[in-house]
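Thanks, everyone; I would like to take a few minutes to walk through one chain. Please have the sequence and the model in view while I talk.

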Amino acid sequence: MISHEHTTSGTVRILRQPNNDRVLTLENLDTSNGPDVHVWLSAADVVEGTGGWFVAGAADHYDLGVIKGNQGNQVYAIPAGVDLKRYKSVDLWCVQFSVSFGAAKLTF
(Lines give C-alpha, C1' and ligand atoms only; values in the text may rest on other atoms or scores of the structure.)
Protein backbone atom coordinates (compact mmCIF):
# COMPACT_ATOMS: atom_id res chain seq x y z
CA MET A 1 0.00 0.00 0.00
CA ILE A 2 1.01 3.60 -0.48
CA SER A 3 0.23 6.44 1.89
CA HIS A 4 -2.19 9.21 1.11
CA GLU A 5 -3.74 11.46 3.79
CA HIS A 6 -2.32 9.18 6.51
CA THR A 7 0.83 7.07 6.62
CA THR A 8 -0.31 3.63 5.48
CA SER A 9 1.52 0.39 4.78
CA GLY A 10 0.66 -3.26 4.23
CA THR A 11 -0.01 -5.78 1.51
CA VAL A 12 -3.27 -6.39 -0.35
CA ARG A 13 -4.10 -9.70 -1.99
CA ILE A 14 -7.13 -11.37 -3.55
CA LEU A 15 -7.34 -15.05 -2.70
CA ARG A 16 -9.65 -17.76 -3.97
CA GLN A 17 -10.81 -20.14 -1.27
CA PRO A 18 -11.14 -23.94 -1.83
CA ASN A 19 -14.92 -23.47 -2.21
CA ASN A 20 -14.24 -20.81 -4.95
CA ASP A 21 -15.25 -17.88 -2.73
CA ARG A 22 -12.95 -14.87 -3.10
CA VAL A 23 -11.54 -12.78 -0.28
CA LEU A 24 -9.47 -9.64 -0.07
CA THR A 25 -6.74 -9.76 2.55
CA LEU A 26 -4.99 -6.81 4.15
CA GLU A 27 -1.75 -8.12 5.61
CA ASN A 28 0.42 -6.27 8.11
CA LEU A 29 -1.78 -3.20 7.75
CA ASP A 30 -0.61 -0.13 9.61
CA THR A 31 -2.56 3.12 9.27
CA SER A 32 -4.11 5.80 11.48
CA ASN A 33 -7.40 5.48 13.29
CA GLY A 34 -10.06 7.46 11.54
CA PRO A 35 -13.78 7.91 11.34
CA ASP A 36 -15.84 5.94 8.85
CA VAL A 37 -12.92 4.37 6.92
CA HIS A 38 -14.10 1.80 4.38
CA VAL A 39 -12.32 -0.75 2.20
CA TRP A 40 -13.15 -0.02 -1.43
CA LEU A 41 -12.46 -1.88 -4.62
CA SER A 42 -11.95 1.09 -6.93
CA ALA A 43 -11.84 1.69 -10.68
CA ALA A 44 -9.31 4.47 -10.05
CA ASP A 45 -5.59 4.16 -10.70
CA VAL A 46 -3.29 4.42 -7.70
CA VAL A 47 -1.73 7.87 -7.71
CA GLU A 48 1.09 8.61 -5.27
CA GLY A 49 1.32 11.78 -3.21
CA THR A 50 -1.34 14.38 -2.51
CA GLY A 51 -2.62 14.03 -6.09
CA GLY A 52 -3.97 10.61 -5.16
CA TRP A 53 -5.87 11.64 -2.03
CA PHE A 54 -9.20 12.19 -3.81
CA VAL A 55 -8.95 10.05 -6.98
CA ALA A 56 -11.02 7.11 -5.69
CA GLY A 57 -13.92 9.35 -4.70
CA ALA A 58 -14.59 10.20 -8.35
CA ALA A 59 -14.40 6.61 -9.62
CA ASP A 60 -16.74 3.65 -9.59
CA HIS A 61 -16.21 1.52 -6.52
CA TYR A 62 -17.51 -1.43 -4.55
CA ASP A 63 -17.60 -0.99 -0.77
CA LEU A 64 -16.44 -4.10 1.11
CA GLY A 65 -17.36 -2.48 4.41
CA VAL A 66 -15.91 -0.56 7.32
CA ILE A 67 -12.26 -1.30 8.04
CA LYS A 68 -11.96 -3.89 10.83
CA GLY A 69 -9.02 -2.16 12.47
CA ASN A 70 -6.09 0.06 11.69
CA GLN A 71 -3.38 -2.55 12.34
CA GLY A 72 -2.80 -6.21 11.62
CA ASN A 73 -4.28 -8.77 9.24
CA GLN A 74 -7.85 -8.63 7.97
CA VAL A 75 -10.06 -10.56 5.57
CA TYR A 76 -13.03 -9.22 3.58
CA ALA A 77 -15.42 -11.41 1.60
CA ILE A 78 -15.93 -10.44 -2.04
CA PRO A 79 -19.48 -11.31 -3.15
CA ALA A 80 -19.74 -13.69 -6.11
CA GLY A 81 -21.43 -11.08 -8.33
CA VAL A 82 -18.57 -8.55 -8.09
CA ASP A 83 -16.66 -8.38 -11.39
CA LEU A 84 -13.05 -7.80 -10.33
CA LYS A 85 -12.09 -6.84 -13.90
CA ARG A 86 -13.85 -3.51 -13.29
CA TYR A 87 -11.47 -2.51 -10.49
CA LYS A 88 -7.82 -1.41 -10.56
CA SER A 89 -7.12 -0.73 -6.90
CA VAL A 90 -8.03 -1.11 -3.26
CA ASP A 91 -8.56 2.11 -1.34
CA LEU A 92 -8.94 2.83 2.36
CA TRP A 93 -11.51 5.59 1.95
CA CYS A 94 -12.68 7.93 4.72
CA VAL A 95 -16.33 8.50 3.82
CA GLN A 96 -16.80 11.29 6.36
CA PHE A 97 -14.01 13.46 4.93
CA SER A 98 -13.95 12.11 1.34
CA VAL A 99 -10.24 11.33 1.37
CA SER A 100 -8.03 8.28 0.91
CA PHE A 101 -5.89 7.05 3.79
CA GLY A 102 -3.94 4.79 1.42
CA ALA A 103 -4.27 2.66 -1.70
CA ALA A 104 -2.77 -0.32 -3.48
CA LYS A 105 -2.82 -1.58 -7.05
CA LEU A 106 -5.11 -4.59 -7.32
CA THR A 107 -3.30 -7.71 -8.48
CA PHE A 108 -4.55 -11.27 -8.73
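Let me begin with a cut-off: a residue counts as buried under 20% relative accessible area, as exposed over 50%, and as partly exposed in between. What we are looking at is a predicted model, and by that cut-off serine 98, at 40% relative accessibility, is partly exposed. Serine 98 sits in the loop between β7 and β8, and its phi is positive, near 50°, although the residue is not a glycine. Most residues other than glycine have a negative phi. Asparagine 28 is another residue with a positive phi, of about 55°, but its place is in strand β3, and with a relative accessible area of 58% asparagine 28 is exposed.

Stepping back to the whole chain, there are eight strands and zero helices. The radius of gyration is 13 Å, which agrees with the value near 13 Å that a compact globule of 108 residues would have, and 42% of those residues are buried. Of the contacts with a separation of 6 or more, 63% are between residues 24 or more positions apart.

If we set aside neighbours within four places in sequence, leucine 24 is in contact with residues including Val12, Ile14, Val39, Leu41, Leu64, Val75 and Val90.

Note on methods
Residues are numbered from 1 along each chain as its sequence is written. This is a predicted model: local features need pLDDT of at least 70, side-chain atom pairs count only at pLDDT 80 or more; totals for chains, interfaces and linings use all residues. Side-chain values use heavy atoms; hydrogens and water are left out. Contact means heavy atoms within 4.5 Å. Helices (H or I, at least four residues) and strands (E, at least two) are DSSP runs, numbered from the N terminus. Buried means under 20% relative accessible area, exposed over 50%, partly exposed in between (1.4 Å probe, protein chains only). The radius of gyration is taken over C-alpha atoms; the globule rule is 2.2 Å times the number of residues to the power 0.38.
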